[in-house]
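Subject: Structure handover

Dear colleague,

Here is the structure I said I would pass on. My notes on it follow below the entry.

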Amino acid sequence: MTLRPLRNDPSTSQLADHAQVGSLSVIEQEAAVVRVTDSPVPRVTFPWVERPELSIVIVAFGTGLVLDHCLDSLGASVAADGIAAEVIVVDNDHPHRGHAAGNRVAISSRGVRLIQPTANLGFGGGNNAGAAAARAAMLAFVNPDVIVSSGQLRSLLDAARSKPDLISAPALIFPDGSLQELGMRIIDDGDTRPILQAGSHTPDYASAACWFLSSKLFSRLGGFDLAYHPAYYEDVDFALRAAELGGGTQVVDSVRVVHEHHGSATSPPDVSKQQQVFLNRWKSVVASRPAQ
């Protein structure tokens with residue numbers, strides 16, 4: 001297996017165009033180095049397209065086999081749905097596993113645009129770096145523990161195109177088919193709750209396990225805020241900022257995507273720091289929300 005440099009890689013100019021996205025740091029600028037996987041025996045292949053209509057960004061951090069399953073499902077769905085897509089994997093440096101996740105992607109795939117930063121950019125920073133390298137007018141942020149089926153990418157892409165000021169997200173389900181969320185709502189202590197009944201609540205946001213939106217909206221909002229590093233609450237913050245501009249979140253509940261909730265994490269996260277950042281920033285919004 002070899003990794004060949006991407007010929008005429010547009011990511012350097014793209015990074016300059018997106019220089020304000022998430023206030024990119026020096027480390028994130030280093031993440032502009034993009035290589036294309038070129039395994040001689042690929043399990044999944046993404047054909048190169050000059051003008052992708054969709055850029056799919058996946059952030060990994062010591063991620064295991066769920067990432068392989070995610071890429072397999074994306075490869076099959078991109079082909080079945082006839083989407084001119086590029087897939088960008090940002091493989092954050094893990095303190096114990098290093099770049100094992102991205103190296104495995106390189107061995108088993110062809111056509112994935114691979115970014116391997118020298119540090120852990122976190123969820124927000126990793127997605128910002130992926131978006132900076134993206135070439136399409138439409139973005140999809142997909143967690144590595146998400147599995148999509150035929151028709152779902154096209155439905156979500158069409159929904160996002162029809163309402164470019166909104167974040168479009170599917171209903172999320174567990175691997176056993178049970179409902180995980182129809183979007184999320186905020187309660188009065190800054191915690192969040194899943195919406196489990198259609199029409200019962202207007203979603204404040206949807207978990208960013210599977211988001212579709214225009215690159216213009218992402219750039220206009222400055223990307224994910226790095227104050228929430230390494231992860232959690234940056235999706236809530238982004239969605240509320242979108243709502244302030246007259247947008248918000250739409251959940252396409254007819255599309256049900258499998259999410260192995262926390263399948264990309266190694267242990268239950270401590271989000272107290274991120275929650276405090278959120279509470280300080282969105283006091284009035286939180287105060288207006290119900291207790292449960």
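V57, V59, F123, N127, F141, V142, N143, P144 and A208 line the second largest cavity of this predicted model. A cavity here is a set of points on a 1 Å grid, over the protein atoms alone, where a 1.4 Å probe fits but cannot get out, and lining residues have an atom within 4 Å of a point. The space in the second largest cavity comes to about 30 Å³, a volume being the space filled by probe spheres set on the points, which are joined across faces, edges and corners. At least two lining residues come from each of β4 (54-61), α5 (122-133) and β7 (138-142). Helices (H or I, at least four residues) and strands (E, at least two) are DSSP runs, numbered from the N terminus. The lining has seven nonpolar residues, two polar and no charged ones; Ala, Val, Leu, Ile, Met, Phe, Trp, Tyr, Cys and Pro count as nonpolar, Asp, Glu, Lys and Arg as charged, and the others, Gly among them, as polar.

Two cavities of 30 Å³ or more turn up in a search of the whole structure. The largest holds about 40 Å³, and its lining consists of F46, P47, W48, V49, A85, E86, V87, G111 and R135. Strand β5 (residues 85-92) contributes the most to that lining, with three residues. By class, the lining of the largest cavity has six nonpolar, one polar and two charged residues.

Next, a single side chain. Q250 sits in strand β14 (residues 248-259). Q250 is buried, at a relative accessible area of 15% (buried is under 20%, exposed over 50%, partly exposed in between, with a 1.4 Å probe and protein chains only). Its side chain makes a polar contact of 2.7 Å with that of S168, that is, a pair of N or O atoms within 3.5 Å, one able to donate a hydrogen and the other to accept it; residues adjacent in sequence count only if both atoms are side-chain atoms. Beyond four places in sequence, Q250 also has contacts (heavy atoms within 4.5 Å) with residues including A159, A160, K163, L166, I167 and A169.

On confidence: pLDDT, the predictor's confidence in each residue from 0 to 100, has a mean of 90 over the chain, and 87% of residues reach 70 or more. Residues 1-8 stay under 50, with 18 contacts beyond four places in sequence. Residues 10-24 are also below 50, and that stretch has 37 contacts beyond near neighbours in sequence.

Residues are numbered from 1 along each chain as its sequence is written, and side-chain values use heavy atoms, without hydrogens and water. Local features need pLDDT of at least 70 and side-chain atom pairs count only at 80 or more, while totals for chains, interfaces and linings use all residues.

Regards

Definitions and conventions:
1 Å grid on protein atoms, 1.4 Å probe; cavity = no way out; pocket = protein on both sides within 12 Å on 5 of 7 lines; lining within 4 Å.
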